[in-house]
Amino acid sequence: MVNVLIFGPPGSGKGTQSVRLAEKFNLTHLSTGDMLRAEIAAGTDLGRKMSSIMSKGELVPDEVVIEMIAKKIDSTKGNAGFLFDGFPRTVEQTVALEEMLKRRKMKINSMLVLEVDHDELVKRLLFRAEQSGRPDDKDPEVIENRIDVYKQKTEPIINYCRQRGIYQPVDGMGSIEDIFGRLAGYMKKIK
Ligand code: B4P
């Protein structure tokens, strides 16, 4: 079983690349962003509570996403592994994921970190806003806040994973196909 984190700032291509990688390597794609947006679309109590947090570009509480992920892991059977997209986003979520996997005799095998220039991140998200209408992509101030939140709360996970020997930076600039080729190359080396 292989469990991989796909990591990077907002707009770095995590969601875009995860869909392709999961298909190629027969992994179960778990995106906390998609799960939260599904709650909002379904009009659940949780979705209503999380919607205002997400539209400001803030992170939802750790316990919400940790519970979502635990449920998904337990309801998935017979897969080759998981591709975690957008989770963990805090060191606390990382520790919780490690414990969750350890209890099930699994571990994080690798963390692939997409590296993308700031201006390119903003350009991609504003472009997506035109097509998807996602509220968190429309406003440049919210985009800047998401990037700041990433630097303050999410980036420290890199050091944590570097110490565990699972950190792998990946050039996230260029075409979707080129970046996919780089990521697939690293995936093939994961043990
Ligand atoms: P996510 O859904 O994870 O959103 P994201 O980081 O903005 O998107 P992603 O990085 O996947 O998008 P991609 O680059 O693929 O999170 C949204 C919100 O949910 C968070 O802000 C937070 O509020 C909440 N949340 C989620 N998980 C959480 C957690 N664990 N804890 C707490 N809160 C959580 O794509 C961006 C655009 O770029 C697309 O339009 C794509 O087509 C384009 N693109 C990608 N690669 C490209 C390339 N190479 N060239 C040109 N365009 C490209």
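## Thr 90 and its loop

Thr 90 is buried, at 7% relative accessible area; here buried means under 20% relative accessible area, exposed over 50% and partly exposed in between, with a 1.4 Å probe and protein chains only. This residue belongs to the loop between strand E3 (81-85) and helix H5 (91-103). Helices (H or I, at least four residues) and strands (E, at least two) are DSSP runs, numbered from the N terminus. From Thr 90, the side chain reaches the backbone nitrogen of Gln 93 at 3.0 Å. That pair is a polar contact: two N or O atoms within 3.5 Å, where within protein one must be able to donate a hydrogen and the other to accept it, and residues adjacent in sequence count only if both atoms are side-chain atoms.

The loop between E3 and H5 also holds Pro 88. The peptide bond from Phe 87 to Pro 88 is cis, with omega near 5°.

## About the model

What you have here is a predicted model, in which local features need pLDDT of at least 70 and side-chain atom pairs count only at pLDDT 80 or more, while totals for chains, interfaces and linings use all residues. Residues are numbered from 1 along each chain as its sequence is written, and side-chain values use heavy atoms, with hydrogens and water left out.

## Around the ligand

Now to the ligand. It has 30 residues around it, and Gly 13, Lys 14, Thr 32, Glu 58 and Arg 146 come nearest; a residue counts as near if one of its heavy atoms lies within 4 Å. By class, this shell has 10 nonpolar, 11 polar and nine charged residues. In this scheme Ala, Val, Leu, Ile, Met, Phe, Trp, Tyr, Cys and Pro count as nonpolar, Asp, Glu, Lys and Arg as charged, and the others, Gly among them, as polar. Helices H1 (14-25), H2 (32-41), H6 (118-132) and H10 (176-189) each supply at least two residues of the shell, and H2 gives the most, with four.

A backbone N or O atom of Glu 58 lies 2.6 Å from an oxygen atom of the ligand. Arg 134 places a side-chain N or O atom 3.4 Å from a ligand oxygen, and Arg 124 has a polar side-chain atom 3.3 Å from a ligand nitrogen. Taken alone, the ligand exposes 1,000 Å², and the protein buries 89% of that; such areas come from the Shrake-Rupley method with a 1.4 Å probe, and for residues only the protein chains shown count as cover.

## Positive phi in two loops

Asn 26, in the loop between H1 and strand E2 (28-31), has a positive phi near 55°. At 55% relative accessibility, Asn 26 counts as exposed.

Lys 105 sits in the loop between H5 and strand E4 (110-115). Its phi is also positive, near 60°, and Lys 105 counts as exposed at 79% relative accessibility.

## Pairs apart in sequence

Arg 128 lies in helix H6 and is partly exposed, with a relative accessible area of 30%. Its C-alpha atom is 8.5 Å from that of Lys 138, 10 residues apart along the chain.

Glu 155 is found in the loop between helix H8 (140-154) and helix H9 (156-163). At 34% relative accessibility, Glu 155 counts as partly exposed. Glu 155 and Gly 8 are 147 residues apart in sequence, with 8.3 Å between their C-alpha atoms.
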